[in-house]
Amino acid sequence: MEWITEWWSARTPDLQAAIIVTLQIVGVMIAVIIAVALLTLAERKVIGYMQLRLGPNRVTFFGLPMLRGIAQPFADVVKLLLKEIIVPGASSRLLFLMAPLIVLVPALATWAVVPFSPDFVLADINAGLLYLLALTSLGVYGVILAGWASNSKYAFLGAMRSAAQMVAYEIAMGFALVGVLMAAGSLNLGEIVRAQQGGFGSWYWLWLFPLFIVYLVSGFAETNRAPFDVAEGESEIVAGFHVEYSGAAFALLFALPEYANIILVSLLCPVFFFGGWLSPFQGYVPDDWFIAQPGFYWLFLKTCFFLFLFLWVRATFPRYRFDQIMRLGWKVLIPVTLVWIAIEALLAWLHVGPWAN
């Protein structure tokens, strides 16, 4: 260990800082990828339980019977990596191979501004909310390119469906977050969390409840999850924009970004509306009690709840028609956000609510 200490001491402070940041980035990315794998397993087990099935119960580690099913997502990863990547002969090869990266990179880059705890965030920038909205809107370009470059009518129709749906619900989600910005008075995600200090009653979910519902529904639609998964309407357009993709390209275009975005939306719900890493008991019990202390574990528990909600909704609701989805986005959610933003401005002017000051 001495040689490590000596090597580290010989490095300049700038190089030490760069190494630490690099290790933090790698650690967060590995954690996200492992979380995606475990979420696919949880999805099958939870939905299987709701439908009176067992879910994955065969693949295990080292033949241990108590771990049956745990290794299923890792077996799926090996299967996808070993499959051949087939590029259609009539496709635009460069764009066909670029599309998965255009979808994947923003999905991973958004994690840079997420405040995991009071003391840990990769990039504590003042325009974190703006950065988040900008990057999440880039994914639609990869979807359009994937459908167009495949040179398939089914893929192109699926891409157009997905693009129209994502644009509609991005607008609603953006307006919902404008309400959060007005309440917190900051674009910094850490400051948004700190502005909700004071316990369960001081969180924004109560005063911004309609905006929270709009954000949650828009999150379902943005991630193409049931009941908004018409982009993958098997009986109509086979499998949507990714119908021509296979193997690792399919995993990069569809599986990893979609599930990473599900985890991100589930994590940002607590950050924006439920106090992030703050304790629900803050202000109700003595501050030196353990349950009153802020920490990552509160954010983790809240995120798990919303992840379960994603799975619950998928197992419960039937798929909407495309015209119903468009009507909900344009004629219901966007007007609701505009009206509530006006109400919030009036309440702030009248100094009503926990954030009026």
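## Terms and basis

Buried means under 20% relative accessible area, exposed means over 50%, and partly exposed lies in between (1.4 Å probe, protein chains only). This is a predicted model: local features need pLDDT of at least 70, side-chain atom pairs count only at pLDDT 80 or more, and totals for chains, interfaces and linings use all residues. Residues are numbered from 1 along each chain as its sequence is written, and side-chain values use heavy atoms, with hydrogens and water left out.

## Cysteines

Cys304 is partly exposed, at 33% relative accessible area. Cys269 is buried, at 1%. How far is the sulfur of Cys269 from the closest cysteine sulfur? The distance is 13 Å, to Cys304, and that is too far for a bond.

A disulfide is a pair of cysteine sulfur atoms within 2.5 Å. The whole structure has 0 disulfides.

## Salt bridges

A salt bridge puts a side-chain nitrogen of Lys or Arg within 4 Å of a carboxyl oxygen of Asp or Glu. The search of the whole structure finds 8 of them. Helices, named below, are DSSP runs (H or I, at least four residues), numbered from the N terminus.

Glu43 sits in helix H2 and Arg314 in helix H13 (residues 296-316), so the pair ties together parts 271 residues apart in sequence. Glu43 is buried, at 5% relative accessible area. Arg314 is partly exposed, at 38%.

Another salt bridge pairs Arg225 with Glu258, at 3.3 Å from N to O. Arg225 is in the loop between helix H10 (209-222) and helix H11 (234-237), and Glu258 is in helix H12 (residues 247-273), so this pair ties together parts 33 residues apart in sequence. Both are buried: Arg225 has a relative accessible area of 3%, and Glu258 has 10%.

Arg319 and Asp229 also meet in a salt bridge, at 3.0 Å from N to O. Arg319 lies in the loop between H13 and helix H14 (322-349), and Asp229 in the loop between H10 and H11, so the pair ties together parts 90 residues apart in sequence. Arg319 is partly exposed, at 35% relative accessibility. Asp229 is buried, at 12%. Salt bridges that share partners join Glu43, Arg225, Glu258 and Arg314 into one network.

## A nonpolar patch

Patches are made of residues with over 30% relative accessible area and no salt bridge; like charges are joined within 9 Å, and nonpolar side chains (Val, Leu, Ile, Met, Phe, Trp, Tyr) within 5 Å. Accessible areas come from the Shrake-Rupley method with a 1.4 Å probe, and for residues only the protein chains shown count as cover.

A nonpolar patch on the surface has about 950 Å² of accessible area together; its members include Val26, Ile30, Phe61 and Leu64. Which helix gives the largest share? Helix H2 (residues 13-50) does, with 4 residues. Leu64 lies in the loop between H2 and helix H3 (72-82). Leu64 is partly exposed, at 34% relative accessibility.

## Ser186 in its loop

Ser186 lies in the loop between helix H7 (153-184) and helix H8 (189-194). Is Ser186 buried or exposed? Ser186 is buried, at 16% relative accessible area. Contact means heavy atoms within 4.5 Å. Leaving aside its neighbours within four places in sequence, Ser186 is in contact with Leu181, Glu191 and Ile192.

Notes
Helices (H or I, at least four residues) and strands (E, at least two) are DSSP runs, numbered from the N terminus.
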